[in-house]
Amino acid sequence: MAKYLDETGLRRLAEWLRDGLAGKQDALSGSAGQYLGFDEGGAPVPKDGMASKAYVDGLLGNIGAILDEINGEEI
């Protein structure tokens, strides 16, 4: 294992990490009610709709009231 921890091995590791992380996005951003989708090129794109409380409430009714009934408590 010592042969991999020499300066040459560490430089090779650093280069491998740098190359591997070069195309990574630093952070994702968006706003409340959005979910993450991907475009044709594989890049992340914020989408509106399905993740929002309004969307769920429209399908199921008042989700808070449903959870209160299931859990026997008020949220």
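The exercises below work through a predicted model of one protein chain. Residues are numbered from 1 along each chain as its sequence is written, and side-chain values use heavy atoms, with hydrogens and water left out. Local features need pLDDT of at least 70 and side-chain atom pairs count only at pLDDT 80 or more, while totals for chains, interfaces and linings use all residues.

**Exercise 1. Determine the order of the elements and which of them has the lowest mean pLDDT.**

Step 1. The chain holds three helices and two strands, taken as DSSP runs numbered from the N terminus (helices: H or I, at least four residues; strands: E, at least two).
Step 2. From the N terminus on, the order is α-β-β-α-α.
Step 3. pLDDT, the predictor's confidence in each residue from 0 to 100, averages 76 over the chain, with 77% of residues at 70 or more.
Step 4. Helix H2 (residues 53-60) has the lowest mean among the elements, 70, and H1 the highest, 87. Where pLDDT is low, the predicted coordinates should not be read in detail.

**Exercise 2. Describe how strands E1 and E2 are joined.**

Step 1. E1 covers residues 34-38 and E2 residues 44-48.
Step 2. The strands run antiparallel and are joined by five bridges; pairing requires at least two DSSP bridges.
Step 3. Gln34 stands opposite Asp48 in E2.
Step 4. Five residues lie between the strands of this hairpin, and Gly42 in the turn has a positive phi of about 90°.

**Exercise 3. Find the salt bridge in the structure and place its partners.**

Step 1. The criterion is a side-chain nitrogen of Lys or Arg within 4 Å of a carboxyl oxygen of Asp or Glu. A search of the whole structure gives one such bridge.
Step 2. The partners are Glu7 and Arg11, whose closest N and O atoms are 2.5 Å apart.
Step 3. Both residues belong to helix H1, four residues apart, about one turn of the helix.
Step 4. Glu7 and Arg11 are both exposed (over 50% relative accessible area; buried is under 20%, partly exposed in between; 1.4 Å probe, protein chains only).

**Exercise 4. Is Leu21 buried or exposed, and which surface patch includes this residue?**

Step 1. Leu21 lies in helix H1 (residues 7-21).
Step 2. Leu21 counts as exposed because its relative accessibility is 54%.
Step 3. Leu21 forms a nonpolar surface patch with Leu5, Leu10, Leu13, Trp16 and Leu17, together about 650 Å² of accessible area.
Step 4. For the whole chain, 5% of the 75 residues count as buried.

Technical notes:
Patches are made of residues with over 30% relative accessible area and no salt bridge: like charges are joined within 9 Å, nonpolar side chains (Val, Leu, Ile, Met, Phe, Trp, Tyr) within 5 Å. Accessible areas come from the Shrake-Rupley method with a 1.4 Å probe; for residues, only the protein chains shown count as cover.
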